[in-house]
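User: Please go through this model with me, starting with the sheet and ending with the ligand.

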Amino acid sequence: MANWLETCQQQLTRLEKASVLADKLVTLSNKTEVDIALDLAQKINIEQTRLNQQIDRLRVNRFEVAVIGLEKAGKSALLNAWLGQEILPSARERCTFTSTEIWSAQTEQDQLLSIQYYSKEEITKLQHQRRDALASALLSDKEKKEIQEDYDDTEKNLSAIHEFSRQKNGFTQAFIDISEISEHLQAAIFKNRAQSLAIKRIQLKTVRLRSDRDIIFHDVPGFNSGILMHAEQAVHRLKNCDAIIYAKEMKQPSITGPEKDMLLVADSEDPTIKVANKIFVVLTQADALDDAIDFKDTYEKHRANWPGVPERRMIPVCARAHLVESGIPSEDTLRRSKAADDKLKLKKIGITDGMPLLKEAVNFYIDHERAEVLKKKTLRCISQQYSLLRR
Ligand SMILES: Nc1nc2c(ncn2[C@@H]2O[C@H](COP(=O)(O)OP(=O)(O)O)[C@@H](O)[C@H]2O)c(=O)[nH]1
Ligand SMILES: [Mg+2]
């Protein structure tokens with residue numbers, strides 16, 4: 001199997017050559033407007049943008065992972081387990097849509113919490129979309145109730161929300177120890193209703209993600225929020241990621257409607273790269289299974305849904321047990337883990353907490369499998385260029 005760094009260099013060179021060609025094509029199409037059909041000129045522009053995006057990503061050598069899954073599937077708990085500390089609120093209360101990004105910081109001094117707010121115009125747009133969603137027949141009563149709550153609370157808190165919108169650069173705070181910001185983060189997401197309704201994006205740079213591979217996680221909610229703007233943000237994330245971690249409650253082996261939609265979006269991004277080539281199916285809350293036989297049966301059911309995904313990328317985990325054993329859990333998590341006796345449960349089922357396996361699988365993907373994906377992408381980019389050229 002190819003090595004990532006080598007492939008990266010090779011493909012970068014090829015793409016850069018293709019990019020020169022693309023520039024020529026664009027110049028040519030601008031000069032000879034009469035001769036080149038409008039749709040062809042547009043196609044050339046689109047392909048050129050795609051090509052340049054690919055080149056930029058390769059140059060910075062970043063690996064972006066979208067973490068998707070239904071609400072309560074355990075996305076936040078999984079990321080906390082990965083980081084080894086309970087940083088993201090793993091929700092019992094419902095939290096409004098918030099898109100969270102976790103970046104790796106190289107030194108403690110680079111650690112930063114940034115919160116970006118919706119503009120006044122975006123808040124207005126969101127309210128319109130909430131009203132549209134309420135009128136639609138597609139949503140369940142529970143979903144409508146939540147949207148209605150967000151709508152009403154936004155109306156009620158409008159001036160406070162607009163105060164946040166006025167902070168054009170948002171809020172940023174440097175920190176050394178994560179405890180310095182956890183209170184602010186909790187308040188922003190749960191306690192201060194106006195603030196949580198105003199938040200568009202949270203970015204956290206932490207050394208807890210430090211590794212020789214530059215990983216960025218996007219906690220992507222919003223697919224089943226019913227709100228267009230949220231869905232658009234989620235789709236954008238999905239289309240632009242290098243890999244997907246799909247958090248799926250192990251006890252629920254069938255794939256629901258909203259999940260199918262998410263996976264279809266991810267599949268449509270690039271005809272050469274199917275979801276199966278870049279997905280990690282993480283079976284969460286594996287401790288909830290009864291025993292080894294139940295575990296094996298359920299695992300086989302999940303496997304049947306993903307024939308194209310290697311077993312190495314289908315990993316049962318118990319995030320809570322990992323956080324308790326190898327990280328810094330909150331008191332609440334510690335209590336729950338003790339009450340459920342996670343340790344004994346995993347032993348009875350005959351599995352580990354799965355987190356080291358997941359990390360290993362992601363690193364293996366970055367170093368090896370991704371090289372194959374990149375080659376295919378480059379080939380596609382280049383062959384598109386040539387087919388445009390021939391016309
Ligand atoms: N049994 C069990 N429950 C867990 C585990 N990890 C998280 N949970 C619970 O699962 C629920 C949903 O988790 P959360 O991370 O907030 O889901 P999200 O909405 O996908 O981000 C929470 O109530 C957690 O306490 C686990 O390893 N085992
Ligand atoms: Mg969450």
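Analyst: Two strands count as paired if DSSP finds at least two bridges between them. The model is a predicted one.

User: In which sense do β1 and β7 pair?

Analyst: β1 covers residues 62-68 and β7 covers residues 243-249. A66 stands opposite I244 in β7. Over 4 bridges, the sense of the β1 and β7 pairing is parallel.

User: Which residues does L78 touch, not counting those up to four places away in sequence?

Analyst: L78 is one of the residues that touch the most other members of the largest nonpolar core, which has 74 residues. V67, I244, F280, V282 and V317 are also in that group. With residues up to four places away in sequence left out, L78 touches V67, A247, V282, T284, V317 and A319.

User: Which helix supplies the largest share of the shell around ligand 1?

Analyst: The shell holds 18 residues, the closest being K75, S76, A77, S90 and R320. By class it has 7 nonpolar, 5 polar and 6 charged residues. Both α3 (75-83) and α12 (319-326) supply at least two of the shell residues. The largest share, 3 residues, comes from α3.

Conventions
Residues are numbered from 1 along each chain as its sequence is written. Chains are lettered from A and ligands numbered from 1 in the order in which they are written. This is a predicted model: local features need pLDDT of at least 70, side-chain atom pairs count only at pLDDT 80 or more; totals for chains, interfaces and linings use all residues. A nonpolar core is a set of buried Ala, Val, Leu, Ile, Met, Phe, Trp, Tyr and Cys residues joined through C-beta atoms within 7 Å. A residue is buried if 20 or more other C-beta atoms lie within 10 Å of its own, exposed if 12 or fewer, and partly exposed in between; C-beta atoms are placed from the backbone. Two residues are in contact if their C-beta atoms, placed from the backbone, lie within 7 Å. A residue is near a molecule or strand if its C-beta atom, placed from the backbone, lies within 6 Å of it. Ala, Val, Leu, Ile, Met, Phe, Trp, Tyr, Cys and Pro count as nonpolar, Asp, Glu, Lys and Arg as charged, and the others, Gly among them, as polar.
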